[in-house]
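Open the structure in your viewer and keep the selection tool ready. We will go from stop to stop.

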Amino acid sequence: MFTYHEGATSNILIVDDEPNNLKVLFNLLSECDYIVRAARDGTSALESARINPPDLILLDIKMPKMDGYAVCRELKA
């Protein structure tokens, strides 16, 4: 169940190499007052997460160059 909280300030990083997926998720989450950042590849996602750690990462697994599993390993390290 999705619960909407007025004035939500959670910081969410979405990572996907498909622009349409990013657009849909970005718009949906932004409309719910979440702070949303997007990255189109694993390297950008890691850089963004290091600069400003998100509360939640929505991460695509199948991406070119660095897949989602590699991003997870780097985040855990």
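This tour visits a strand, its neighbour, the cores and a charged pair in a predicted model.

**Stop 1: strand β1**

Select residues 11-15, which make up β1. Are the residues of this strand buried or exposed? Five of the five are buried, so β1 is largely enclosed by the rest of the structure. Now look at the directions of the side chains. N11, L13 and V15 point one way from β1. I12 and I14 point the other way.

**Stop 2: strand β2**

β1 and β2 run parallel, joined by five bridges. Pick I12 and look across to β2. Its bridge partner there is V36.

**Stop 3: R37**

A salt bridge needs a side-chain nitrogen and a carboxyl oxygen within 4 Å. Next, show the side chain of N11. A polar contact of 3.2 Å joins the side chains of N11 and R37. Leaving out residues up to four places away in sequence, R37 also touches others, including I14, S48, N52 and P54.

**Stop 4: the cores**

Select L13, V15, A39, A45, L46, A49, M63, M66, A70 and V71. These 10 residues form the largest nonpolar core. Which elements each supply at least two of its residues? They are β1, α2 (42-51) and α3 (68-76). α2 gives the most, with three residues.

Zoom in on V71, a member of this core. V71 touches G42, L46, L59, M63 and M66, not counting residues up to four places away in sequence.

Another core, of seven residues, lies apart from the largest one. Select some of its members: I12, L29, Y34 and V36 are among them.

**Stop 5: the salt bridge**

How many salt bridges does the structure hold? There is one. Select R50 and E74 to see it. Their closest N and O atoms are 3.7 Å apart. R50 sits in helix α2 and E74 in helix α3, 24 residues apart, so the pair links distant parts of the chain. R50 is exposed, with a relative accessible area of 58%. E74 is partly exposed, at 38%.

Methods: Residues are numbered from 1 along each chain as its sequence is written. This is a predicted model: local features need pLDDT of at least 70, side-chain atom pairs count only at pLDDT 80 or more; totals for chains, interfaces and linings use all residues. Side-chain values use heavy atoms; hydrogens and water are left out. A polar contact is a pair of N or O atoms within 3.5 Å; within protein, one must be able to donate a hydrogen and the other to accept it, and residues adjacent in sequence count only if both atoms are side-chain atoms. Contact means heavy atoms within 4.5 Å. A nonpolar core is a set of buried Ala, Val, Leu, Ile, Met, Phe, Trp, Tyr and Cys residues joined through side-chain atoms within 4.5 Å. Buried means under 20% relative accessible area, exposed over 50%, partly exposed in between (1.4 Å probe, protein chains only). Helices (H or I, at least four residues) and strands (E, at least two) are DSSP runs, numbered from the N terminus. Two strands pair if DSSP finds at least two bridges between them.
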